[in-house]
Amino acid sequence: MAQFTNQATLSYGNTVTNSNVAVGEILEVLSATKTAINATYGQDDNITYIVSILNSGSSAFNNLTITDNLGTYTFGTGTLTPLDYTDGTLRYYVNGVLQPSPIVTTTANSLTVSGITVPANGNAILVYEVSTNGFAPLGIDGEITNQAAISGMGVTPVSVEETVNAETRPNLSITKSISPVPVAEGETVTYTFLIQNTGNTPLVATDNAIITDLFDPILTNVQVIFNGTPWSEGTEYNYNQTTGFFETVPSNITVPAATYTQDPITGVISITPGTSTLIVTGTI
């Protein structure tokens with residue numbers, strides 16, 4: 001409850017006297033919550049938010065405005081905004097019934113939705129999607145705290161927020177190259193597998209990652225090197241010279257975590273992936 005005070009002044013002749021200070025309370029009947037459907041976020045990821053507004057009073061609130069700061073945070077002497085509103089995604093419900101789209105305005109660091117009505121003893125729900133951009137923290141302790149403020153005539157402003165953490169897992173990609181090209185029959189060919197991790201967590205032995213391939217044409221005299229260290233068949237990999245099927249043994253593939261660097265001037269976060277290299281050579 002919000003308190004307010006009031007004092008009157010009585011003037012007569014050259015005399016002024018003040019009344020006592022009367023104290024009142026405003027019963028705040030408008031409340032709100034903000035929830036992210038996503039438990040975590042990653043690079044260039046989408047997050048869906050739900051803002052739920054409840055009116056427990058006997059009168060409707062009309063023409064309310066919701067302002068979302070899109071996770072804006074302080075950086076140096078300025079601010080950065082790690083989220084972008086995804087155009088056309090906002091849905092507006094009153095007492096569970098989908099309504100025509102309200103007025104949506106976006107700037108570089110905010111989303112504003114105006115023209116919201118919350119009926120007496122009813123509710124309004126807004127659902128919308130945002131995407132992470134180059135200012136979204138991606139490190140192991142990264143998080144985005146997103147705030148929304150609800151305001152309007154006769155309304156005690158209501159502020160709600162939700163924090164979503166950066167996902168903590170490896171995020172792998174793999175590319176394969178062949179050398180030399182072309183290669184003559186009976187000569188040695190080299191397959192290079194580059195594994196990159198843009199996640200903030202390393203790929204470790206207990207993740208039991210494996211690489212499989214079906215070499216066609218079939219290779220003979222196979223040799224395997226992982227991150228500069230020769231591997232032994234049956235211990236780190238298996239290869240079938242009849243079918244050409246190659247498979248690494250689980251727990252041998254590891255990849256370090258990525259590193260993240262935030263430009264001290266622009267605030268843009270750059271990613272240097274962690275890498276591992278598997279090299280397979282053989283005769284075709």
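**View 1. Pro256 sits in the loop between β25 (245-248) and β26 (259-262).** This is a predicted model: local features need pLDDT of at least 70, side-chain atom pairs count only at pLDDT 80 or more, and totals for chains, interfaces and linings use all residues. Residues are numbered from 1 along each chain as its sequence is written, and side-chain values use heavy atoms, with hydrogens and water left out. Strands (E, at least two residues) are DSSP runs numbered from the N terminus, as are helices (H or I, at least four). Pro256 is partly exposed, with a relative accessible area of 41%. Buried means under 20% relative accessible area, exposed over 50%, and partly exposed in between (1.4 Å probe, protein chains only). Neighbours within four places in sequence aside, Pro256 is in contact (heavy atoms within 4.5 Å) with Asn197, Pro202, Gly274, Thr275 and Ser276. Gln196 is 60 residues away along the chain, yet its C-alpha atom is separated from that of Pro256 by 8.7 Å.

**View 2. Val51 is a buried residue of strand β7 (residues 46-55).** Its relative accessibility is 1%. Beyond four places in sequence, Val51 is in contact with Thr33, Lys34, Ile66, Ala124, Ile125, Leu126 and Tyr128. Val51 and Ile125 are 74 residues apart in sequence; C-alpha to C-alpha, they are 5.7 Å apart.

**View 3. Asp68 and Lys34 form a salt bridge.** The term covers a side-chain nitrogen of Lys or Arg within 4 Å of a carboxyl oxygen of Asp or Glu. Here the closest N and O atoms are 2.6 Å apart. The pair links distant parts of the chain: Asp68 lies in strand β8 (residues 61-68) and Lys34 in strand β5 (residues 30-36), 34 residues apart. Asp68 is buried at 2% relative accessible area. Lys34 is buried at 5%. The structure holds 3 salt bridges.

**View 4. Lys176 and Asp213 meet in a salt bridge.** The N to O distance is 2.5 Å. Lys176 belongs to strand β19 (residues 172-179) and Asp213 to strand β21 (residues 212-214), 37 residues apart. Lys176 is partly exposed, at 43% relative accessible area, whereas Asp213 is buried, at 14%.

**View 5. Arg169 forms a salt bridge with Glu167.** The closest N and O atoms are 3.4 Å apart. Arg169 is partly exposed, with a relative accessible area of 39%.

**View 6. The largest pocket has a volume of about 160 Å³.** On a 1 Å grid over the protein atoms alone, a pocket is an open set of points where a 1.4 Å probe fits, with protein on both sides within 12 Å along at least five of seven lines; lining residues have an atom within 4 Å of a point. Grid points are joined across faces, edges and corners, and the volume is the space filled by probe spheres set on them. The lining has 14 residues, with Gly42, Gln43, Glu167, Asn171 and Thr198 nearest the centre. By class, 5 are nonpolar, 6 polar and 3 charged. Ala, Val, Leu, Ile, Met, Phe, Trp, Tyr, Cys and Pro count as nonpolar, Asp, Glu, Lys and Arg as charged, and the others, Gly among them, as polar.

**View 7. An open sheet of 6 strands runs in the order β6-β18-β17-β8-β15-β14.** Pairing (at least two DSSP bridges between two strands) is mixed. The edge strands, β6 (40-41) and β14 (103-107), each pair on one side only. Strands β14 and β15 (residues 110-118) run antiparallel and are joined by 5 bridges. Ser114 in β15 is the bridge partner of Ile103.
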